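This report covers the strand pairing and the nonpolar cores of one model. The structure comes first, then the text.

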Amino acid sequence: MAWRILVAEDEGLAAMAIEDELVREGYEVVLAPDGQAALEAAAREPPDLLLTDLRMPRLDGAGLIRALRAAMPALPVVVMTGYAPSGGAGAFASPGEGPVALFAKPLDMDAVLLELRKLLPGP
């Protein structure tokens, strides 16, 4: 069984590049162009991990994280942004919830993949 990663990214080319890398690593990928579409996708098929941008139309990454964590508190989250919040990854972490990692854009995909391997151990 492949881990399902929900990727919320409004930049189409970036989303496709990320998808290519994740699929190559054996992950199942669901792409969403914004936070609202990601919420709808998660309702259809719950993800094992959320990889999200922060600045997106309709529903931003912070709102998406809050909404998904309300239903799935243990969901691991990887945030990718060109605009890191003060407090870093801790801005999205609450006691009793799953891990959060923060990566600056442009993404270092090797570092992201290393983090994913920690958060989603092999089959």
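A crossover is right-handed if, with the strands pointing away from the viewer, the path from the first strand over the helix to the second runs clockwise. In this predicted model, β3, α3 and β4 form such a right-handed β-α-β unit. Helices (H or I, at least four residues) and strands (E, at least two) are DSSP runs numbered from the N terminus.

The model is predicted: local features need pLDDT of at least 70, side-chain atom pairs count only at pLDDT 80 or more, and totals for chains, interfaces and linings use all residues. Residues are numbered from 1 along each chain as its sequence is written, and side-chain values use heavy atoms, with hydrogens and water left out.

Buried means under 20% relative accessible area, exposed over 50%, partly exposed in between (1.4 Å probe, protein chains only). L49, L51 and D53 point one way from β3, while L50 and T52 point the other way.

A nonpolar core is a set of buried Ala, Val, Leu, Ile, Met, Phe, Trp, Tyr and Cys residues joined through side-chain atoms within 4.5 Å. The largest has 20 residues, of which L6, L50, L64, L68 and V79 touch the most other members. α2 (35-44) is among the elements that supply at least two residues of this core, and α2 gives the most, with four. A second, separate core of 18 residues includes I18, V78, V112 and L113.
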